[in-house]
Structure formats: structure tokens, C-alpha cells
Amino acid sequence: MALIEVTNLKYRYPHTEKLALDGLHFQVEKGSFIGIAGENKAGKSTLCQALVGLVPTMFKGAYGGKIMIDGLEAGKTPVALLCQKVGLIFQNPFNQLSGAKDTVFGEIAFGLQNLGVPREEIVRRVEENLRLLDIEQYRDRNPFDLSGGQTQRVAIASILAMQPEIIVLDEPTSQLDPQGSEEVFRVVDTLSKTGITIIMVEHKMEKLASYCDKILLLHDGKQIAYDTPEKIFSRDDLEELGVEAPVFTRVCRKLSVYREEDGKRLYPVTMEQTMALKDQFPPELGGKYKEAEQPGGETERTTGASDRTLREIFRIKDLSFHYLEHVPIMEDLTLTLDTRPAAVIGQNGAGKTTLVKLLKGLLKPVSGTILFGGNDISERTVAQLAGSVGYVFQNPDDQIFKNRVMDEVMVGPLNIGMGREEAERRAREALSMVGLLDAAEENPYDLDLSERKMVAIASVVAMDTQVLILDEPTIAQDARGRRVIGSIVRKLSDSGKFVLAILHDMDFVAEYFERVIVMAHGKVLADGPKETVFYEEDALAAAKLEQPHTAALCRKLGYEGAFMTVNDIKDRTV
């Protein structure tokens, strides 16, 4: 008998008419690693909550069908009992923190204490998971003082320590750097091999393709398919379903590289599968970049991509900062930022968010200077900078405080002195840009995380600042959401504004940014055009980063030139 049996599962949230889950029917064997894919609002998070009994127990609403977990009916079993079998890692790690403990060690131990686990066993499990998630150095830190990625590791550790039979993860790597994401997948893959069942929602299709036994494809609350990654990602209707296949699959589809099974074309979904069909690739490949552009240090030049002249925005000189004395975050950092859209990349804890908070004036340097438009920002308050430098926080819930979306998006414009009519006009334009104009009258906290992130972006875009700083803008975004954010970056850049973003999505960086700045331990390891930086192996390795998937594949295939995205590869005539 299967460990999990879902039969005709239906669910509708209170005060709504549409089914969030509509007739789901599937089984999961013990020790399986199952991925859940689909665009936002497909029903993925709702299904996760149903598997741990929060739907319908906590959320109420109309519920039909059945979920059986090892003989227990999830919808009728007390959550306190079910959680001993099923652990849920929330989409937003800040929602996972209990708030009852003031150290990382205590936070991870909290659930074990509630289960009555003996003290010696608690200590052993906490120590084990601190090592497993590479967060031993934060054991005595307050979890609310950590970065988003570090907090996500703590949230994962707190569930792993409870050793449930089934672990449900709702986008557990959304705030993690590439290496951190890979580590989490390896950890849960190892757990599945020991008999623990893994169910994971994820937008990183390359990871799902590499690790999952099967993928459940959802759309609009309905189950579209439940099959192997190769069969799911070889479907011709993925784009209509709001899902983007792994980069390897899209490259192979473009170049007609596939294998046949039962008369159907199956495209590779992983690097290994792709390389197994290496003989089908053309010996040479014409790409967008024949030669990697050499980095230049000048701040006044014209790009090849457009006719705009670059000008200096920020000049950072000998910048040093620390939160705790004798524990420097950055020392003697010197950097000039011009109008090229720039992405700052690096592992969690590299100093990226600290840097942009210094640029915004939210933090003050211990030493050194930051010039904005030639003026030292230490002489200006955050309020004085607000009309020129906009900043979207990593966690949108740190930024949203109104109970109506339109009011929230108008706060910034009104605070910098816009008239109410102008503020509303700009708010409507910004909401239209992020695709949320229809939600103008809703409460932001009735929206999901991806939409709240879009509201936060709109609230800063509406201020029409010269500079827009985005801290992890693609968190919780599906393929459509990433395209929307990318179009905003391009539109603002083309209008002469400066966009600076912190990102862990290398494919997104490669597609929408011109300049890439690699950071590690508060230092800049590489800085220049993406076509150059993404081929600096030593810098990427030191920062524990990866090349964009297209670049990594084309390099392994031996193609000359710099390939950043699937679109850089010319179509091959079949």
C-alpha cells in the first residue's frame, strides 16, 4: 500500500467560489522524492497545507475527497498528531520561526522540546542538523538577525531535526544561493534514500529534473499529469500551463536533440542526459557572443546593446562596515556603479544586502565614503534619499503595512511629496506593470507571497526614483513573474534609470543584466560584463556560484564564445 493516497481531493477557501484544488488523485510510495510544479495559484501551496492537515483544519472552507497518510485521514486527524508524521517547511522561512527562542540552537530545538524528546537526544539532533545545513557558526545568533538565506536553512533544520516520515517543502530554496540550493537538494535526496518521503514545491526546474522520481504537474487547481521529469518536461503545452522547462530541455528542443520512446520525442532534462546525446549536437554553434567582451574600467562609455551614454551613479571608496565589533562585514571596499543594470551575486552572507542598505542610507559606514551623484550620502537622511533611491526589501512583509493594495503603493509617492492625483496615477501604472491592477482594492495580506513581492516592487516603482534597488526580486516567482520583473528592469534601464539587484538566479541575471558583480566575504571578486564575469572560473568557485545553465552546457559541449541564455543559440533547421 502506498504511504500517501490522494483521492478526488477538492478544496475551496472560505468566501471564494473557485476551487483551489479540483479533483487531485495520486499515490506516493515510501521513500519517493516527488516534485510539484505549476505556475503560481496552481494549487501547490494549498496541497502542501492539505498534506499536513492545515487544510481544512485551520483554514476551514469546503473540503472533499480524501488524503490518507500511513492509514491516517489527514483532514480528520489533529494537526498535533499528524505533524509527528509529516513536517512542513513553509514558503516564507520567516513564518517558520517560533519567536519563542532567541538563538538558532534554541529555535531548532523548540519542536523537539514540544514532542518531549529527551535532552541528550535534542542536543545530538540539533548539532547534527547545524552541521548538515552548514549553520554551526550561527548557533548562538538570534534567528531574526540572519539573512533570508540563513533563516531558510534554520527553518529547514528545525523540521529535519524532528525526523518526520514525510517532509513537505514549499519552495525551500527560494532565498538560497546556488550552492545552498544544491546542498538542500542533496540533503533531502539522501533522506529519501533512507526511506523518508519527500514532497517538494519548486520553481527551479533544473533541480526538480535532476532529483525527483516523479513530478506532479498542476494548473488552475487541477492535476494535469503525474509522471517522470523527462515525460513532464517534454510536453508541448508547458508554456500554456505557465511552466518553463529546464534550460537543457529548451536548448535541446531548439536544436532538435531528443530520443524516441513509443513514437514520442523525449528531450533531455539534465546535464547528464544532454551529454549522453552529444553526438546529435552540431559541431559548431553560432551564438550571440562570438567573443567574450573584455571588462573596461571607464564610467563614461556607450554600450553595444544601446545608444545610452553611461554616467556615474555611486562611487564607493574605502568602505568598511561591521555589525559586531571586530567582526567586519566589509573592509576597504572600493567600487563605482554606473547606469548599466547591475546584479550583485554571491553566497548567503557575502555582504550583498549590507552593501545595498549602505547605498540606501539605512546603514552608516564605519569608515569610507559613498558618493551619490557626487555628494556624500552621509550628509543626507534616509528620508532625503527616498525620492532618489528606491529599495525593495528581500522579505515583502517587512515593507507592507497598509490594508489596501492601492493605499500601499501610494505610500511612497505621497511621502516624497507627490500630489494625491499624481500618486494614484503612478500607483496605477506601477500595479499595471506588475500585473496586479485588478487587486488594487484587496488587502495585501490576502495575496500570496509572490504577489506581495510584486506589490512591494510596485510601491517603489511608483515613486519614480532615479535608482531602484531590488533585493532578491525573483523570490517565489514563477516563469511569468520572472518575465514581468525582467521587463521592468529593461524598461527602467532604457529610460535612463539605474537598476541594482541582489540575485541568486544566475539564469535571470544572464538574461536581464549587463554588469555582474561577484561578492564573497565582503569583497568584490569579479566585476564587469556578464559575458566576461560568468567565465571567470576562479571567482565563481571562490564565491560558491555556478555559471548560467546555458553557459555551462555550451562550454561542456566545447562551443566557442559566450552563451548566456537559450535565446543566444540560433535555431537549427531540422
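**Ground rules.** I worked from a predicted model, in which local features need pLDDT of at least 70 and side-chain atom pairs count only at pLDDT 80 or more, while totals for chains, interfaces and linings use all residues. Residues are numbered from 1 along each chain as its sequence is written, and side-chain values use heavy atoms, with hydrogens and water left out. I took helices (H or I, at least four residues) and strands (E, at least two) as DSSP runs numbered from the N terminus.

**Strand 8.** I then checked its pairing (at least two bridges found by DSSP between two strands): strand 3 (residues 33-37) pairs with strand 8 in the parallel sense over 4 bridges, with Met 200 as the bridge partner of Gly 35. Strand 7 (residues 166-170) also runs parallel to strand 8, joined to it by 5 bridges, and there Asp 170 stands opposite Val 201.

**Lys 207.** I found Lys 207 in helix 8 (residues 205-211), where this lysine is buried with a relative accessible area of 13%. Leaving aside neighbours within four places in sequence, I listed its contacts (heavy atoms within 4.5 Å) as Ser 181, Glu 182, Phe 185 and Glu 546.

**Helix 21.** In helix 21 (residues 549-556) I recorded Thr 550, Ala 551, Leu 553 and Cys 554 as buried. Seen down the axis, these buried residues fall within an arc of 165° (taken from the directions from the helix axis to the C-beta atoms), so they line one face of the helix. They pack against helix 10 (247-254), helix 11 (271-276) and helix 18 (506-512). Just after the helix, I noted that Gly 558 takes a positive phi of about 85°.

**Helices 14 and 16.** Last, I looked at helix 14 (residues 405-415) and helix 16 (residues 449-461), which pack at an angle of about 35° with their axes 7 Å apart; the axes are lines fitted to C-alpha atoms over the stretch in contact, and angles run from 0 to 180 degrees between N-to-C directions. Val 405, Glu 408, Val 409 and Pro 413 of helix 14 make the contact with Val 455, Ala 458 and Ser 459 of helix 16.

Note on methods: Buried < 20%, exposed > 50% of the residue type's maximum accessible area, 1.4 Å probe, protein only.
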